[in-house]
Amino acid sequence: MVTAEAEPRVLTGQHFMNGDIAFAEGALAAGCTFFAGYPITPSTEVAERLSRRLPKLGGVYVQMEDELASIAAVLGGSWSGAKAMTATSGPGFTLMMENFGLGVMTETPCVIIDVQRGGPSTGLPTLVSQADVMQAKWGSHGDYEPIAFAPASPQEMFDLAISAFNAAERFRMPVFVMADELVGHMTERVTIPSEDRVSIVNRKRVPAGSEDRLFYAADEDLVPPMPIAGEGHAFHVTGLTHDERGYPAGDPLVHDRLVRRLTHKVQIHEKELTQVEELMTEDAEVVVVAYGAMSRSARQAVMVARERGIKAGMFRPITLWPFPFRKLRGLANQVNRFVVAEMNLGQIAREVERHLRRPATWVTHAGGKMIPPEEVLLALQETAR
Amino acid sequence: MRQEIQLAGFGGQGIILAGFVLGRAASIYDGKEAVFTQSYGPEARGGACAAEVVISDGPIDYPLVTRPDLVVCMSQEAYSKYGVALADGAELIIDSDLVEAGSNGIKRLPAMRLATDLGNRMAANVVMLGFLASVTGVVSREALEQSVRETVKPRLLELNMSALKTGFEYGLSESSANQQKAAT
């Protein structure tokens with residue numbers, strides 16, 4: 001299918017591209033070969049780019065009838081062995097929540113990017129927000145421990161697309177990228193490395209011809225190898241609570257064991273999973289917690305605060321879920337005063353307070369615009385006092 | 001140094017493309033940092049439309065324009081919105097055929113007319129970029145040429161390179177005329 005003249009899968013070099021397109025390129029670099037989705041602003045450019053690129057690379061792009069079908073097709077694509085993804089925004093993210101849960105229960109690797117816009121409902125289709133971050137944590141029913149990344153630049157859209165696919169494959173589960181309209185639509189330099197410099201993780205597979213039938217018996221890392229459709233394995237995939245053979249088992253003991261394993265497989269790897277950036281925290285007396293595009297406003301506020309003699313710093317979760325609470329608590333050993341700045345009405349602020357066991361200053365806005373550096377600066381000044 | 005540039009006009013003039021070309025020139029070919037953002041709404045041909053470019057020697061934290069150092073207006077509506085209340089020291093460039101504006105310190109060129117003379121008024125945006133480069137120096141001519149070459153469709157390359165040259169040279173002759181005026 002792929003001819004010698006075909007365009008390269010990894011567009012090595014320097015590009016001036018927007019975050020959505022950079023994400024699509026990161027997905028391709030990570031080995032994504034299947035996209036199913038339903039275009040929605042402000043994520044449409046991800047789908048648009050992949051609709052042009054995937055067919056030329058021997059991959060598959062399917063535009064589905066809606067978001068429910070989209071995520072269902074992504075799960076199916078993954079069981080066929082493909083690295084699969086979809087792209088959406090708030091209203092579509094909501095529609096995907098049920099089958100996201102199916103992906104968790106059936107341990108199906110895939111990537112879902114939510115380029116956040118103002119909500120609830122159709123809200124502000126073209127304007128920025130970060131108000132879906134708790135939906136990523138709790139949006140589907142039942143207990144689970146999600147993985148979610150929060151990119152702050154087009155470069156990170158590329159880089160974290162790769163991290164997201166690697167985490168999905170490594171832990172056999174759907175992984176979120178919680179981007180926002182601003183980071184999706186802003187255009188900046190993106191450096192794409194050569195193909196051999198992209199580190200790729202592939203799922204553990206049940207070897208073809210294996211006689212093993214305990215397809216849901218986990219290894220020591222709590223992740224079971226995955227059988228792939230079409231390789232001769234007779235396996236069963238269900239959203240019902242299942243035993244290690246994959247058969248439904250309405251047994252509280254089996255259920256507890258299964259759901260604990262699904263959450264523990266993320267929790268025990270929290271250290272490996274959580275990425276944070278700390279800016280000038282070494283001697284800081286007040287620290288602002290900010291993530292995604294909002295961190296760029298907070299960063300500027302920290303710079304100006306320093307010029308004015310305030311010992312300010314920033315703690316930026318790059319991994320939002322699991323929340324990097326150990327790193328935050330470590331920082332809280334030396335810093336008493338915290339500000340949280342986010343484009344929602346305090347979703348991560350509550351999480352920060354919960355882990356710190358003390359109040360923080362909230363700088364919040366329901367969305368539609370990025371909170372300007374001046375407002376964060378004011379909060380830093382007042383909190384430092 | 002951080003420089004904030006606002007490009008504004010009406011939908012269909014290539015304002016967004018001009019912002020992209022300018023940002024790409026600065027970021028990829030001049031080796032600076034640049035962020036390009038655009039007004040993102042249901043703009044149709046003829047409606048108001050704006051592009052923002054921040055260019056800096058160092059990393060760019062806040063990516064949006066808050067107090068533009070340079071405003072380019074290619075429509076009267078854009079001038080009323082962005083060109084009137086400028087901060088001290090900010091520069092204003094207008095298409096002199098499309099915008100009526102007060103006289104002091106405004107840089108002007110008939111970009112649309114010059115592009116029409118070249119055979120396609122759609123190239124007015126690139127005429128404007130050439131002029132902007134020569135009168136402000138915010139981006140180099142070479143970087144702009146590279147950026148245009150990488151951005152426009154091959155069949156429109158020749159037209160756009162002429163447009164860039166026309167705008168740049170118009171700017172050079174303007175500034176030498178001003179220097180002569182200042183000398184006398």
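The legends below describe close-up views of a predicted model.

**View 1. The side of chain B that touches chain A.** In this predicted model, 14 residues of chain B are in contact with 15 residues of chain A. Two elements of chain B, helix H1 (15-29) and strand S2 (33-38), each give two or more residues to the side that touches chain A, and H1(B) gives the most, with 5 residues. Sorted by class, this side of chain B has 8 nonpolar, 4 polar and 2 charged residues.

**View 2. Strand S3 of chain B and its pairing.** Strand S3 (residues 48-56) of chain B is largely enclosed by the rest of the structure, because 7 of its 9 residues are buried. Strand S1 (residues 2-10) of chain B pairs with S3(B) in the antiparallel sense over 9 bridges, and S2(B) runs antiparallel to S3(B), to which 6 bridges join it. Ile55(B) in S3(B) is the bridge partner of Gln3(B), and Ala34(B) also stands opposite Ile55(B).

**View 3. The contact between the two domains of chain A.** The domain assignment of chain A gives domain 1 (13-197) and domain 2 (277-384), and the centres of these domains, taken over C-alpha atoms, are separated by 26 Å. Domain 1 of chain A brings 24 residues to the contact, and domain 2 of chain A brings 21 residues. Among the elements that give two or more residues to the domain 1 side are strand S6 (124-128), helix H5 (133-138) and strand S8 (174-180) of chain A; H5(A) gives the most to this side, with 4 residues. The residues on the side of domain 1 that touches domain 2 divide into 18 nonpolar, 3 polar and 3 charged.

Conventions
Residues are numbered from 1 along each chain as its sequence is written. Chains are lettered from A and ligands numbered from 1 in the order in which they are written. This is a predicted model: local features need pLDDT of at least 70, side-chain atom pairs count only at pLDDT 80 or more; totals for chains, interfaces and linings use all residues. Two residues are in contact if their C-beta atoms, placed from the backbone, lie within 7 Å. Ala, Val, Leu, Ile, Met, Phe, Trp, Tyr, Cys and Pro count as nonpolar, Asp, Glu, Lys and Arg as charged, and the others, Gly among them, as polar. A residue is buried if 20 or more other C-beta atoms lie within 10 Å of its own, exposed if 12 or fewer, and partly exposed in between; C-beta atoms are placed from the backbone. Two strands pair if DSSP finds at least two bridges between them. Domain bounds come from an automatic or database domain assignment.
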